[in-house]
Amino acid sequence: IETRAHDAQALWQKDKDHFIHPFTDFSTFHEEGCDLITDSDGIYVQDAKGNRFIDGIAGLWCVNVGHGRREIGEAMADQATRMAYFSTFNNLSNAPAAELSARLAELAPAHLNHVFYSCGGSTANDATIRLVHYYFNRLGKPAKKRIISRNNAYHGTTYLAATLTGIASNNWDFDTLDHLVTHLSEANCYRRPEGMTEADYCDHLVREFEDTVAEIGADNIAAFIAEPIMGAGGVLVAPTDYHKRMQAVCRANDILYIADEVVTGFGRLGHFFASEAVYETQPDIINCAKGLSSGYAPLGATLISDTLYDVLSTPQGPGGVLSTGFTYSGHPVSCAAALKNIEIIEREGICENVREVGPYLEERLASLSHHATVGDVRGSHFMMCLENVADKQTKALFPVEARVGDRVAFEAQQRGLIIRPVGHLNIVSPPLIWTRETVDRVVDILDAALTATT
Ligand code: PLP
């Protein structure tokens, strides 16, 4: 890694005094402040003190092509100096946004040919729900407003995205727009009811959806939103056929099916999009962000079906326009980063790498199950998670104060690997360029970290 000089202490102090960090635990922040990540290259990041780490979380599930890609930086610099910004409202556009829209239409399932841009995952979800409501209003079905989400889902933190989110602790002491959203149970195979087979569990979850539709009334429900694999909620892989069957309930009831592929998109499960390629679903809308630009620039996108577009693009009448969007919708620099990112994913066979190395990562992480505290190792390809438990038999959790996820992550970081603690979970969601050798090094570090924790 090429390192620049930093006054680590001064930066730390400035940060601690003035930067309100997202998702921060102030019981430790006031004392400890932050770790400043200042440099990066490939699978590595480095902190201000010069400590180097393997990045086990791709920044935050997003740096899919790895760090320090000069050609992405150059594409952004070229665009920024040529034409950094101009409006895309109404009849204005820019070259990277036009190019990227056509590329996304090529990469997405065949019926998704239209793109609405936002600034990230939360704004993509928020904008989507506005568009969905608009769609039904225009069809003369204004009562269709309710969105069905799931407990433990993570869809972001704008007001509406936070309401879609179903992780209870994420909304402690925050307000939500509850009249718009109903949450179903999450699909948690590890913690499914005692004695239920996976197939029975799937029936049970689908029935819950059907019962909810019957209770609320299909005429009042606009859409169902789901991550193909629930990410921040614990990397929960649904039972076989769950997504297909949930989609069938949607189709039978004129409910739109929205796949939130903010994490699963752009290669993490070995394909540009997982919905069709892995789960055999044809969502009406796919949302993406993160891996779309590999985190080199903020960008979100809502991929919209031809059927929806036909309605959204019907003229409103004199003076009326589709009045939604952001100053930065289709930002030229972000779109230039995304185009180069997609080029790299294709040129380097990054989806193929995930399909090849992913099963090896699954297998090697599963070998950590021998630790007394590892209750479950789950996930798929480059989206993995370890669930720590106090008792494997009963699946009882450690008390929250034990901070078990934090402790495992701390021990791993001491040994040169950053993974993400979420409560009692440890998430591994690396850049998609890990090799088998990287996996071996990572598993050795995790093995030692788990031993040191218990
Ligand atoms: N949707 C999913 C599935 C996510 O995992 C995230 C972020 O982790 C979001 C939406 C929100 O994205 P952003 O943080 O870019 O707003």
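A residue is near a molecule if its C-beta atom, placed from the backbone, lies within 6 Å of it. In this predicted model, the shell around the ligand receives its greatest contribution from helix 6 (residues 121-138), which supplies 3 residues.

**Ligand shell**

- The ligand is surrounded by 14 residues, of which the closest are Gly120, Gly121, Ser122, Gly156 and Val262.
- Divided by class, this shell comprises 5 nonpolar, 7 polar and 2 charged residues.

**Asn287 in strand 11**

- Asn287 belongs to strand 11, which spans residues 285-288.
- Asn287 is classed as buried because 28 other C-beta atoms lie within 10 Å, the cut-off being 20 or more.
- Although Asn287 and Gly121 are 166 residues apart along the chain, their C-alpha atoms are separated by 7.4 Å.

**Helix 8 and helix 9**

- The axes of helix 8 and helix 9 come within 10 Å of each other and cross at roughly 20°.
- The two helices are therefore roughly parallel, since angles under 35 degrees fall in that category.
- Their crossing is right-handed.
- On the helix 8 side, Cys202, Leu205, Val206, Phe209, Glu210 and Val213 meet Tyr242, Arg245, Met246 and Val249 of helix 9.
- This contact consists of 8 nonpolar and 2 charged residues, with no polar ones.
- The buried residues of helix 9 (residues 242-252) are Tyr242, His243, Arg245, Met246, Gln247 and Cys250.
- These buried residues pack against helix 8 (198-216), and also against strand 7 (221-226) and strand 10 (256-260).
- After helix 9 comes Asp254, with a positive phi near 55°.

**Helix 4 and helix 12**

- Helix 4 (residues 70-83) packs with helix 12 (residues 332-347) at an angle of about 150°, and their axes are 8 Å apart.
- Helix 4 and helix 12 are therefore roughly antiparallel, the cut-off for that term being over 145 degrees.
- The passage of helix 4 over helix 12 is a right-handed crossing.
- Helix 4 contributes Glu71, Ile72, Ala75, Met76, Gln79, Ala80 and Met83, which meet Pro332, Val333, Ala336, Ala337, Lys340 and Asn341 of helix 12.
- By class, the residues of this contact are 9 nonpolar, 2 polar and 2 charged.

**Helix 14 and helix 15**

- Helix 14 (residues 404-414) and helix 15 (residues 436-453) have axes that come within 8 Å and cross at roughly 130°.
- That angle makes helix 14 oblique to helix 15.
- Helix 14 and helix 15 form a right-handed crossing.
- Arg407, Val408, Glu411 and Ala412 of helix 14 make the contact with Ile445, Leu446, Ala449, Leu450, Ala452 and Thr453 of helix 15.
- The contact of helix 14 with helix 15 holds 7 nonpolar residues, 1 polar residue and 2 charged residues.

- Val235 has a positive phi, near 45°, and is a residue other than glycine.
- Val235 sits in the loop between strand 8 (229-230) and strand 9 (236-237).
- Because 26 other C-beta atoms lie within 10 Å, Val235 counts as buried.
- Lys290, likewise a residue other than glycine, has a positive phi near 30°.
- The loop that holds Lys290 runs between strand 11 (285-288) and strand 12 (300-305).
- Lys290 is buried because it has 28 other C-beta atoms within 10 Å.

**Ala58 in helix 3**

- Ala58 is part of helix 3 (residues 58-61).
- Ala58 counts as buried because it has 29 C-beta neighbours inside 10 Å.
- Residues up to four places away in sequence aside, Ala58 touches Val63, Asn64, Ser429, Pro430 and Pro431.
- Ala58 and Gln13 are 45 residues apart along the chain, and a distance of 26 Å separates their C-alpha atoms.

Technical notes
Residues are numbered from 1 along each chain as its sequence is written. This is a predicted model: local features need pLDDT of at least 70, side-chain atom pairs count only at pLDDT 80 or more; totals for chains, interfaces and linings use all residues. A residue is buried if 20 or more other C-beta atoms lie within 10 Å of its own, exposed if 12 or fewer, and partly exposed in between; C-beta atoms are placed from the backbone. Helices (H or I, at least four residues) and strands (E, at least two) are DSSP runs, numbered from the N terminus. Two residues are in contact if their C-beta atoms, placed from the backbone, lie within 7 Å. Axes are lines fitted to C-alpha atoms, for helices over the stretch in contact, and angles run from 0 to 180 degrees between N-to-C directions. Angles under 35 degrees count as roughly parallel, over 145 as roughly antiparallel, 65 to 115 as roughly perpendicular and the rest as oblique. A crossing is left-handed if the near helix is turned anticlockwise from the far one by less than a right angle, and right-handed if clockwise. Ala, Val, Leu, Ile, Met, Phe, Trp, Tyr, Cys and Pro count as nonpolar, Asp, Glu, Lys and Arg as charged, and the others, Gly among them, as polar.
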